[in-house]
Amino acid sequence: MNGLFGSTSWLYIILVGFVVGLLGRFFMPGNNRMGCLLTIVLGIVGALLAGWFGQYMGWYAAGEPAGFLGAVLGAVAVLALLRLVSGNGKR
């Protein structure tokens, strides 16, 4: 399957997105109530954001283990941005 993610299977992307989303929710303080589907989306968006930014800055290349840490930090950043936009950070 050659496409947006190369030869990586969609099941792998969903699994990694779920793990990254869970870790992002764990490290972000406060009430992060969301279901499994939103957790997967959070992880995938965080991984895409951090992967693009980290590679653009030259911090790591595609497929390096540092990308996983970057993905978790990206998920935390997405959660913080969502909290800022939704107004839930005022509590």
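Is Gln 55 buried, partly exposed or exposed, and what is its relative accessibility? I looked this up first. Gln 55 counts as partly exposed because its relative accessibility is 41%. I note that the model is predicted.

**Entry: Gln 55**

I placed Gln 55 in helix 2. I then listed its contacts, leaving aside neighbours within four places in sequence. Gln 55 is in contact with Tyr 60, Ala 61 and Ala 62. I also checked a distance to Gly 67. Gln 55 and Gly 67 are twelve residues apart in sequence. Their C-alpha atoms are 8.9 Å apart in space.

**Entry: Gly 54**

I moved to Gly 54, which also has its place in helix 2. Is Gly 54 buried or exposed? Gly 54 has a relative accessible area of 1%, so it is buried. The cut-off for buried is under 20%. Leaving aside neighbours within four places in sequence, I found Gly 54 in contact with Trp 59 and Tyr 60. I looked up Gly 70 as well. Gly 54 and Gly 70 are 16 residues apart in sequence, and 7.2 Å apart from C-alpha to C-alpha.

**Entry: Met 57 and the surface patch**

Met 57 is in helix 2, which covers residues 36–57. I read its relative accessibility as 41%, so Met 57 counts as partly exposed. Which residues make the nonpolar surface patch? I found Trp 52, Phe 53, Tyr 56, Met 57 and Trp 59. The patch is about 660 Å².

**Entry: Thr 39**

I went back along helix 2 to Thr 39. Its relative accessibility is 0%, and therefore Thr 39 counts as buried. What does Thr 39 touch, not counting residues up to four places away in sequence? I listed Gly 17, Phe 18, Gly 21, Leu 22, Arg 25 and Met 34. I took the distance to Gly 17 too. The C-alpha atoms of Thr 39 and Gly 17 are separated by 7.6 Å. Along the chain, the two are 22 residues apart.

**Entry: helix 1 against helix 2**

Next I looked at how the two helices meet. Helix 1 covers residues 10–27. The axes of helix 1 and helix 2 come within 6 Å. They cross at roughly 95 degrees. Helix 1 is therefore roughly perpendicular to helix 2. The range for that label is 65 to 115 degrees.

I wrote down both sides of the meeting. From helix 1 come Ile 13, Ile 14, Gly 17, Phe 18, Val 20, Gly 21, Leu 22 and Arg 25. From helix 2 come Cys 36, Thr 39, Ile 40, Leu 42, Gly 43 and Ile 44.

**Entry: the whole protein**

I finished with the totals. How many helices and strands are there? I counted three helices and zero strands. From the N terminus on, the elements run α-α-α. The protein has 91 residues, and buried residues make up 27% of them. The accessible surface comes to about 6400 Å². Carbon and sulfur atoms hold 71% of that surface.

I also looked at contacts across the sequence. Of the contacts with a separation of 6 or more, 57% are between residues 24 or more positions apart.

Methods. Residues numbered from 1 in each chain as written. Predicted model: local features only at pLDDT ≥ 70, side-chain atom pairs only at ≥ 80, totals over all residues. Heavy atoms only, no water. Patch = residues over 30% accessible without salt bridge, like charges linked within 9 Å, V, L, I, M, F, W, Y side chains within 5 Å. Areas by Shrake-Rupley, 256 points an atom, 1.4 Å probe, with all protein chains shown as cover. Salt bridge = Lys/Arg side-chain N within 4 Å of Asp/Glu carboxyl O. Helix = DSSP H or I, 4+ residues; strand = E, 2+ residues; numbered from the N terminus. Buried < 20%, exposed > 50% of the residue type's maximum accessible area, 1.4 Å probe, protein only. Axes fitted to C-alpha atoms, helices over the stretch in contact; angles between N-to-C directions. Parallel < 35°, antiparallel > 145°, perpendicular 65-115°, else oblique. Contact = heavy atoms within 4.5 Å.
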